Amino acid sequence: MSQRNPASDGSGSPPRRRATGTWVVVALLLGVGIVVPLLVGLYDREEPSLWGFPFFYWFQFALIPVVSLFTFIAFRLSLSATAQDRPTFGLPAEPEAPEGDR
């Protein structure tokens, strides 16, 4: 006898994931950290300089904390979105702890 997923549509296939607003925001936040550094024309100049450093250098260094913050926000959003998605797939909202961690 096969097990049925309570969230399946009866066809035997798992439910399809829909892109929710939270996951779109996560993708956009992570996409900024990937796309902006690739747009070299955006920062390929020397002026304005900051403490003697050309714009090319200090802009990239300024991106590090910004992208780190965006990544942290995306991570926290993904945790809450995952907790909301788990019941859709017939899973408990919180995963069970492994045997050694109880």
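Patches, as the term is used here, are made of residues with over 30% relative accessible area and no salt bridge, where like charges are joined within 9 Å and nonpolar side chains (Val, Leu, Ile, Met, Phe, Trp, Tyr) within 5 Å. Accessible areas come from the Shrake-Rupley method with a 1.4 Å probe, and for residues only the protein chains shown count as cover. A salt bridge is a side-chain nitrogen of Lys or Arg within 4 Å of a carboxyl oxygen of Asp or Glu.

The model is predicted, so local features need pLDDT of at least 70 and side-chain atom pairs count only at pLDDT 80 or more, while totals for chains, interfaces and linings use all residues. Residues are numbered from 1 along each chain as its sequence is written, and side-chain values use heavy atoms, without hydrogens and water.

I turn to the surface. Val 40, Leu 50, Trp 51, Phe 53, Phe 56, Tyr 57, Phe 61 and Ile 64 make up a nonpolar patch there, with about 890 Å² of accessible area together. Val 40 belongs to the loop between helix 1 (21-38) and helix 2 (55-85); helices are DSSP runs of H or I with at least four residues, numbered from the N terminus. Trp 51 is in the loop between helix 1 and helix 2, and has a positive phi of about 55 degrees although it is not a glycine. Most residues other than glycine have a negative phi.

Is Trp 51 buried or exposed? Trp 51 is exposed, at 78% relative accessible area, whereas Val 40 is partly exposed at 36%. Buried means under 20%, exposed over 50%, and partly exposed in between (1.4 Å probe, protein chains only).

Finally, Ser 78 of helix 2 is buried, at 15%. Leaving aside residues up to four places away in sequence, Ser 78 touches Trp 23 and Val 26, with contact meaning heavy atoms within 4.5 Å.

Technical notes:
Helices (H or I, at least four residues) and strands (E, at least two) are DSSP runs, numbered from the N terminus.
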